[in-house]
6 protein chains.
Amino acid sequence: MSKAPISRFPTPEIADLPEDIRARILAVQEKSGFVPNVFLVLARRPDEFRAFFAYHDALMDKPGNLTKAEREMIVVATSNANQCQYCVVAHGAILRIRAKDPLIADQVAVNYRKADIMDRQKAMLDFAMKVAFEAYAVDDADLEALSAQGFSEDDAWDIAAIAAFFGMSNRLANVANMRPNDEFYMMGRT
Amino acid sequence: MSKAPISRFPTPEIADLPEDIRARILAVQEKSGFVPNVFLVLARRPDEFRAFFAYHDALMDKPGNLTKAEREMIVVATSNANQCQYCVVAHGAILRIRAKDPLIADQVAVNYRKADIMDRQKAMLDFAMKVAFEAYAVDDADLEALSAQGFSEDDAWDIAAIAAFFGMSNRLANVANMRPNDEFYMMGRT
Amino acid sequence: MSKAPISRFPTPEIADLPEDIRARILAVQEKSGFVPNVFLVLARRPDEFRAFFAYHDALMDKPGNLTKAEREMIVVATSNANQCQYCVVAHGAILRIRAKDPLIADQVAVNYRKADIMDRQKAMLDFAMKVAFEAYAVDDADLEALSAQGFSEDDAWDIAAIAAFFGMSNRLANVANMRPNDEFYMMGRT
Amino acid sequence: MSKAPISRFPTPEIADLPEDIRARILAVQEKSGFVPNVFLVLARRPDEFRAFFAYHDALMDKPGNLTKAEREMIVVATSNANQCQYCVVAHGAILRIRAKDPLIADQVAVNYRKADIMDRQKAMLDFAMKVAFEAYAVDDADLEALSAQGFSEDDAWDIAAIAAFFGMSNRLANVANMRPNDEFYMMGRT
Amino acid sequence: MSKAPISRFPTPEIADLPEDIRARILAVQEKSGFVPNVFLVLARRPDEFRAFFAYHDALMDKPGNLTKAEREMIVVATSNANQCQYCVVAHGAILRIRAKDPLIADQVAVNYRKADIMDRQKAMLDFAMKVAFEAYAVDDADLEALSAQGFSEDDAWDIAAIAAFFGMSNRLANVANMRPNDEFYMMGRT
Amino acid sequence: MSKAPISRFPTPEIADLPEDIRARILAVQEKSGFVPNVFLVLARRPDEFRAFFAYHDALMDKPGNLTKAEREMIVVATSNANQCQYCVVAHGAILRIRAKDPLIADQVAVNYRKADIMDRQKAMLDFAMKVAFEAYAVDDADLEALSAQGFSEDDAWDIAAIAAFFGMSNRLANVANMRPNDEFYMMGRT
């Protein structure tokens, strides 16, 4: 079986990209040893690329009470529910690294209710899943359930925003048939 | 019945906002005569605000084959399916204005299959709804159905990206209990 | 875009209708200034027309604790969930008039949980939605939740009957492609 | 296990009912040997009772291409999908009698796709189920599928109206906890 | 209407079957007066036949706190939800016999929440339905709800295992178009 | 975070098990280097254990046109859809080994439509998913779609039976909170 291309849509050559985008991609490549396909697939649309990663960084890299591993848990749990192969494989890798736990990503992806995570993290993921699938019904009781686990109002916003942003990302990746890089599968497993 | 606040979360004073954000808000107020609540609700998070509107503009204001009215149809149809009050009311107003048609927004919101729109627009909305609810199953046949209606590969990306971006926006607005400004309800109706 | 016809099925001429039906239609026209399309579409079947409007009047015009605006809220909320364009547009107009509130219909249609209505009205609509989508699971706890908001057993019947009757109406209108009259869109907005 | 009452709501004494309703009930009792509980449960609301049975008779007793057994198939298939115990048990009995077939009702209730019925009857029930659960998406292709099986436009209306009317009835019966009379279970089985 | 065959797949002759399978089938025939079709349909695969009935007997015939009628209630309720005609008709017959109640099977099949059964049996069926449709979300609260009705941990396993095993059986029967024997329909009704 | 136990229910000591069950478990341990938890969790019920593994072996180890890797694809795809952590992790490992492909299991688990597998394997999984979620609607067209990809009637049975059997297994594992052994996560990845 030959491998599928990295996207249903044509992807640009790195050399042809605007300078800022090329610079970001080369920096990632320098750090990771490879270019995650999401950068190449989205680079087809420079303005969307810039906005996407600015949003991503604002949610995933900013200070806040949620640990970086917890943010990745949200990505992994909602992305599997949305059946996004790229997002589960790539962010599963990041979650394993952030949590320094080789098992956690597969557990959270398939059924976070049975994962080796804390009760507060399960409450966080319950809320993230409600945002992903029934945001219209989010109400005060949901916020109170988070508060009971020590999450602030700002944390609630963060959880919701991460679930919502990656819900967008999941849809884009699925429409584009975005292929996860082979490198992700083994990252953080040993 | 007293009116609900514009958000479940505190919103900043315009005077306290970073300069670029205040400038954007004042420009919108100048043009529209009021500040749409989404600007105030998101301004609580300046970096997210900047990324959100950069993304929004990249999708909604850029050149392309989809008319501006068609882009708003996508927003209205998917936002009602996601039960987002702010998005249906605000973008319904914009759709009426863009399409110069006082009836179209309510038709598209409730059931676009019965709206006074073209068959190609119904195909566009069929695809948008599949992206919104079953993106994991999007396949070549969906792209071919769009192509049969004259949509290019770039148009398919645009439709998908708009449905996905506003899917994020719908979730944020629902979690925040974002209230549509009273001004939107009558815009474009007469 | 030319307008769609008022129904997928042929509609009779008013002059050809049985006397009682013609009289009712002319009375509505006299009062409203136009003939709502539902009268013409259903007149194709005189016996069904008579039963439909007798049932309608028995539920919507009779005395009872539910205000007329509240009854229309039930129609609007369930009709949007059933994606019935005719019913949302026509009864949205009636709701605005009954409630003397130009904003309420759009709010209730898209997401009643976020509308400017009372908690008891939200409880009423929670029950109506359960009747519309999970009537098989209605149990004592639902009746008790209504009772806690001051609704009697007779009110529960009324809410359920209105949700059920308009569920039928929604299905008929969708199958017939029943088109809302242009007049409804602006009624009660100013 | 003692038997449940025939309704969650109080039911009137036959002697206390308006003359026309009492007459109809006594006529049914005369013909059937018992009073089906739906008559007693709905008699609590005389105007609704009259409209309900007028509608019922207009759909189920009128001339038309659909046989009476076929109309009952629609009732039984959609009522089981709506989980209405009264409707499946009572109309299952009527279907067995109309079709002179002791097996057909249980087959149609559980899975009409596997029942000993004609392909055209399966197409009729496919349409009825779409009306019951996705009426918003009914389109020309559905009407053409019926036409290919010999159903006229009037037949399509009849199928839809029966599915819609009993969808209302299913919801009312479920909310009322309407109990099927013991007599129905054995009718038409031998 | 001629009857459908007992399976979409060819079924073997009893005489051609392995001795142990033929013996079991003849014993059933001796006891029941006919060979339930499930034996003939599964006999096409002798090893699967042996495992299927060993599993069946381990769950349905073993000692335990659940009565035999209660086990059949689980089969009937979940099989109707899975729309398995064979299973509802055949196990409905067995339930009537086990419970010595001619009405119970039809009640439990259509809507067990309204059946003439005990509250603890409704709790048992609530759990069985959760296993059938949302097993991923089963948690301590579900076990506690069972415990509150007097069910032990072993009873919880039994309920879950019966719901799961017949979920498999329902799928096999539906794929095979397995036809219930005519004899089942009247068993236990008089 | 300490690890969860291997089951919600107590598990027996190997030394206390019936001889045939102990022998099977020791043979697996000898071959694999560890005892997969499913053996210990099910050993609590010896008769169910025997039937379960006899059924498993009849489906997974028997000759047939489906390769062993293809059978595991069915298990992995349907188990992720059923959110069964044990089954996805354990059978993902077996799939990687059978297919000699370190990437395939994660791809098939999250979204088989985008996996590096053959079109006939996607058709096989489409059918398996229909069996898992809509078996009631399986019809001749599904069998023909399989036939068009070269699958025989016996292959169709095999696919259906594997999807149905592991649907049972998924439910049991979820109710028991069955924990995947740590060893599975890395098997077949290098």
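In this predicted model, B:Asp20 and B:Arg50 form a salt bridge whose closest N and O atoms are 2.5 Å apart, where a salt bridge is a side-chain nitrogen of Lys or Arg within 4 Å of a carboxyl oxygen of Asp or Glu. The pair links distant parts of the chain, with B:Asp20 in helix H1 (residues 19–32) of chain B and B:Arg50 in helix H3 of chain B, 30 residues apart; helices here are DSSP runs (H or I, at least four residues), numbered from the N terminus. Over all chains, the structure holds 105 salt bridges.

As the model is predicted, local features need pLDDT of at least 70 and side-chain atom pairs count only at pLDDT 80 or more, whereas totals for chains, interfaces and linings use all residues. Side-chain values use heavy atoms, with hydrogens and water left out, residues are numbered from 1 along each chain as its sequence is written, and chains are lettered from A and ligands numbered from 1 in the order in which they are written.

**Salt bridges within chains**

- B:Asp20 counts as partly exposed at 41% relative accessibility, and B:Arg50 likewise counts as partly exposed, at 33%; buried means under 20% relative accessible area, exposed over 50%, and partly exposed in between (1.4 Å probe, protein chains only).
- In chain C, the side chains of C:Asp57 and C:Arg24 meet in a salt bridge at 2.8 Å, N to O, and this pair links distant parts of the chain, with C:Asp57 in helix H3 (residues 46–60) and C:Arg24 in helix H1 (residues 19–32) of chain C, 33 residues apart.
- C:Asp57 is partly exposed with a relative accessible area of 22%, and C:Arg24 is partly exposed with 29%.
- In chain D, D:Arg189 forms a salt bridge with D:Asp106, the closest N and O atoms being 3.0 Å apart; because D:Arg189 lies in the segment after helix H9 (153–176) and D:Asp106 in helix H6 (residues 104–111) of chain D, the pair ties together parts that are 83 residues apart in sequence.
- D:Arg189 counts as buried at 5% relative accessibility, and D:Asp106 is buried with a relative accessible area of 16%.

**Interface of chain B and chain A**

- The contact involves 40 residues of chain B and 40 residues of chain A, contact meaning heavy atoms within 4.5 Å.
- The two chains bury about 3800 Å² between them, 64% of it on carbon and sulfur atoms; buried area is the accessible area (1.4 Å probe) that two parts lose on being put together, summed over both.
- B:Tyr55, B:Trp157 and B:Arg171 supply 21% of the area that chain B buries against chain A, more than any other three residues.
- Between chain B and chain A there are 10 salt bridges, among them that of B:Asp158 with A:Arg45, whose closest N and O atoms are 2.6 Å apart.
- The elements that give two or more residues to the side of chain B touching chain A are helix H2 (37–42), helix H3 (46–60), H7, helix H8 (140–148) and helix H9 (153–176) of chain B, and the largest share of that side, 13 residues, comes from H9(B).
- A network of salt bridges links A:Arg44, A:Arg45, A:Glu48, B:Lys62, B:Glu153, B:Asp154 and B:Asp158.

**Relations between copies**

**Helix H6 of chain B**

- Of the 8 residues of helix H6 (residues 104–111) of chain B, 8 are buried, so the helix is largely enclosed by the rest of the structure.
- What covers these buried residues includes helix H4 (68–81), helix H5 (85–99) and helix H7 (119–134) of chain B, together with helix H4 (68–81), helix H5 (85–99) and helix H9 (153–176) of chain C.
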